[in-house]
Amino acid sequence: MAGTFQRQRPYHLTGIGASESHFLTTIASMSDSLITAGYPLAFWSDIDTIQAARLELIDQAQTLIQFETFKMSPGKRAKDFADALCRQAIAGVTVQVLADSYGAKELPASYWQRLQNAGVQVLFFNPFSGRSPLDYLRRNHRKLLIVDQTIAMVGGAGISDLWDGKDGKSEQPWYDFEIKWQGDAVGMLTGFFWQHWLTAGGHVDLNQHHPGRSQAATPSPVLITPGEEPSTGDSPIRSLFQLCITSAQRRLWLASPYLLPDQITCEMLDQACRQGVDVRILTMGPKSDKAYVYYTSRQRYGPLLRSQIQIHEYQPSMMHGKIVLIDDDWVSFGSANLDPRSFFHNDELNLCTNNAQLISQVAAFFESGFEQSEVVQLGPWQRRPWQEKLIGRLGNFFYWQL
């Protein structure tokens, strides 16, 4: 129930320009993040390509596959994923799968039994316990695939046919992304995976950790923000978002499907806009996977619209990408939304880099998303149906748990 009955202490943060030479060090120290290096091998925003790349990477594994995710559900994607993992486990590859116990609850016991029979090691993050039922609010929202401690894939897509647009609402596949990495960052991500593996009751032999195994010819600086077990007083993800917002000088483009910023974050966005920053937000539209969250989010648009911030609601399907683009200098991406659940409840994973090629690809992702969106106007928003307003008000009563 973190935050429900607690009053936020007001504070004021003045950021440094994203082009400053010490930007990365400052952000790291203020958000409990770690600095490393890596190189983005590929950026995808097509779900067929994302899933095909995952399966291809799994098939290439020689010694170790590590995978953790939040959302898994029955369907073709889950079956294909299980087929690939079972083949490799039978071939002698160590396969470790860490599924969030809530996000993967729709899959039957037979699914997991098949994996285990093939030799796959399966653990579940934070299963429900009657001894501490409120602890169940903590979820593992990360999406991470690591193979042989040499290649990592980070993004937002789960193992579910929902991303194909099979949600009964969408006209197209969900709008999301995945990034393939090599370099020192992969060794650090391996350690972050094993932290969760231990939390779930697994065994780790650190003699098997080879953090220098993945090499990148032209590495870029990378900031990794794990956002593990946050609290209202110590939230690395909230700090990361707010530091990114206050550092923008020309452009601040944010993508977050669940758009539920708190008052202080709204004030920071307003200040950025007043300083002439091009502030745009890409978020989910009416084809949302959670209608009540969509209406709750829309209920909070008022301060943003009055600040003349452009809110782009994606129309063809669910917009699920989570990215922050700061000027032409830095991009932050990963699993975290601009909402209290990512700030105060979930274990998240975000990466930040200044790689020019990736920044260009991310900018194209935003531009394509903007073109397929409708910009919310203040007048029509104020005249939205009373039923929508009612749902939004009720939803905001549970704001801190969404």
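This is a predicted model: local features need pLDDT of at least 70, side-chain atom pairs count only at pLDDT 80 or more; totals for chains, interfaces and linings use all residues.
1. **Helices α2 and α3.** Helix α2 spans residues 47–59 and helix α3 spans residues 76–90. They pack at an angle of about 15°, and their axes lie 9 Å apart. That angle makes α2 roughly parallel to α3, because angles under 35 degrees count as roughly parallel. The crossing of α2 past α3 is right-handed.

2. **The α2/α3 contact.** From α2 come Ile47, Asp48, Gln51, Leu55, Ile58 and Asp59. Helix α3 supplies Arg77, Asp80, Phe81, Ala84, Leu85, Arg87 and Gln88. By class, the contact has six nonpolar, two polar and five charged residues.

3. **Helices α6 and α7.** Here the pair is α6, residues 236–247, and α7, residues 263–274. The packing angle is about 15° and the axes are 9 Å apart. So α6 is roughly parallel to α7. Handedness is worth checking in the viewer: α6 passes α7 in a left-handed crossing, while α2 passes α3 in a right-handed one.

4. **The α6/α7 contact.** Gln242, Ile245 and Thr246 take part from α6. Their partners on α7 are Ile264, Thr265, Met268, Leu269 and Ala272. Five of these contact residues are nonpolar, three are polar and none is charged. For the α2 and α3 contact, the charged count is five.

5. **Annotated segments.** An unreviewed UniProt entry lists "domain: PLD phosphodiesterase" for residues 136–163 and 315–342. Residues 136–163 are 0% helix and 32% strand, with the end C-alpha atoms 26 Å apart. Residues 315–342 are 11% helix and 32% strand. Their end C-alpha atoms are 24 Å apart.

6. **Aspartate 148.** This residue sits in the loop between β5 (144–147) and β6 (151–155). Most residues other than glycine have a negative phi. Is aspartate 148 buried or exposed? Its relative accessibility is 11%, so aspartate 148 counts as buried, the cut-off being under 20%.

7. **Glutamine 308.** Here is another non-glycine residue with positive phi, near 65°. Glutamine 308 lies in the loop between α9 (301–306) and β11 (310–314). Its relative accessibility is 68%, so glutamine 308 counts as exposed. The cut-off for exposed is over 50%.

8. **Tyrosine 295.** Helix α8 (residues 291–299) holds tyrosine 295. What does tyrosine 295 touch, not counting residues up to four places away in sequence? The answer is Glu388, Ile391 and Gly392. The C-alpha atoms of tyrosine 295 and lysine 389 are 7.3 Å apart, although 94 residues separate the two along the chain. Tyrosine 295 has a relative accessible area of 26%, so it is partly exposed.

9. **Serine 235.** The loop between β8 (220–225) and α6 contains serine 235. Its relative accessible area is 1%, so serine 235 is buried. Leaving out residues up to four places away in sequence, serine 235 touches Pro230, Phe343 and Phe344.

Key: Residues are numbered from 1 along each chain as its sequence is written. Side-chain values use heavy atoms; hydrogens and water are left out. Axes are lines fitted to C-alpha atoms, for helices over the stretch in contact, and angles run from 0 to 180 degrees between N-to-C directions. Helices (H or I, at least four residues) and strands (E, at least two) are DSSP runs, numbered from the N terminus. Angles under 35 degrees count as roughly parallel, over 145 as roughly antiparallel, 65 to 115 as roughly perpendicular and the rest as oblique. A crossing is left-handed if the near helix is turned anticlockwise from the far one by less than a right angle, and right-handed if clockwise. Contact means heavy atoms within 4.5 Å. Ala, Val, Leu, Ile, Met, Phe, Trp, Tyr, Cys and Pro count as nonpolar, Asp, Glu, Lys and Arg as charged, and the others, Gly among them, as polar. UniProt positions are given in the numbering used here, feature names are shortened, and annotations may be inferred rather than shown by experiment. Buried means under 20% relative accessible area, exposed over 50%, partly exposed in between (1.4 Å probe, protein chains only).
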